[in-house]
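Hi,

Here is the structure I said I'd pass along. Have a look at it first, and my notes on side-chain contacts follow below.

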Amino acid sequence: MSISTAEFAALERRVQVLADRAEIASLVDGYLISLDTVPRDGGRFDEAWARRYFTSDVRISTPVGDHQGIEGLAEAEQATLGKFERTQHVGANYLIALDGDRATVRWNAIMTHVHLATTQRARGEAPGGHFDVGGTFTGEAVRTSDGWRLRSLDVQAVWTTGQGPLALTPKAEATLRELADGA
């Protein structure tokens with residue numbers, strides 16, 4: 001039994017879609033895991049880290065703050081995650097809608113942030129306390145010469161448990177207030 005040229009072309013397109021979806025899911029997984037492993041392994045977020053996951057014109061909005069462009073992104077991430085001893089970001093339910101060299105992405109995440117010992121001491125609490133967040137990530141990925149990269153990312157907190165870090169940005173304060181009020 002032979003396959004026609006049209007059937008082969010359709011199969012090629014289908015394989016490309018599956019490959020693109022797998023590469024985007026891998027990009028997301030790599031990004032989430034990097035949030036936990038870079039600082040835990042004694043490293044710092046740097047420009048190479050940022051370029052591994054994002055385009056140079058990236059736009060990011062999180063409950064902590066907003067950032068545009070790759071310049072300063074690593075430092076912003078370091079400042080945010082440096083408020084915790086360690087973290088664990090778990091993503092699931094990836095929805096990826098491909099449109100050529102662009103894709104919209106959405107996933108759910110549960111993020112655990114273990115407080116620094118100094119935070120716990122300042123609060124008069126035992127080490128190991130944590131701040132948990134359930135949220136959604138939505139954005140756009142684009143195919144670049146280096147592979148798929150995130151061009152935009154919007155992180156929304158849906159729920160939290162525990163106390164946030166000692167020092168909060170104004171946006172983080174507002175987010176926690178809105179969640180507490182049931183907004």
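This is a predicted model: local features need pLDDT of at least 70, side-chain atom pairs count only at pLDDT 80 or more; totals for chains, interfaces and linings use all residues.

Tryptophan 107 is buried, at 0% relative accessibility (buried is under 20% relative accessible area, exposed over 50%, partly exposed in between, with a 1.4 Å probe and protein chains only). Phenylalanine 137 is buried as well, at 3%. The ring centres of tryptophan 107 and phenylalanine 137 sit 4.8 Å apart with the planes at 15 degrees, so this pair is stacked. For ring pairs, the rings of Phe, Tyr and Trp (its six-membered ring) need centres within 6.5 Å; planes under 30 degrees apart are stacked, over 60 edge-to-face, and the rest tilted. Tryptophan 107 belongs to strand 4 and phenylalanine 137 to strand 5, so the contact ties together parts 30 residues apart in sequence. (Helices, H or I with at least four residues, and strands, E with at least two, are DSSP runs numbered from the N terminus.)

Residues are numbered from 1 along each chain as its sequence is written, and side-chain values use heavy atoms, leaving out hydrogens and water.

Back to the aromatics: the whole structure has 7 aromatic pairs. In one of them, phenylalanine 45 and tryptophan 49 have ring centres 4.7 Å apart and planes at 65 degrees, so they are edge-to-face. Both of these residues, phenylalanine 45 and tryptophan 49, are buried. They also belong to one aromatic cluster made up of Tyr31, Phe45, Trp49, Tyr53 and Phe54.

Now the charges. I get 8 salt bridges, taking a side-chain nitrogen of Lys or Arg within 4 Å of a carboxyl oxygen of Asp or Glu. One of them joins lysine 171 to aspartate 66, with the closest N and O atoms 2.6 Å apart. Lysine 171 is in helix 5 (residues 170-180) and aspartate 66 in strand 2 (residues 66-68), so the bridge ties together parts 105 residues apart in sequence. Lysine 171 is partly exposed at 30%, whereas aspartate 66 is exposed at 56%.

Which two side chains meet in a salt bridge at 2.5 Å, N to O? Those are arginine 102 and glutamate 140. Glutamate 140 is buried at 10% relative accessibility. Glutamate 140 also bridges to arginine 151, at 3.7 Å between the closest N and O atoms. Through shared partners, Asp57, Asp99, Arg102, Glu140 and Arg151 join into one salt-bridge network.

Cheers
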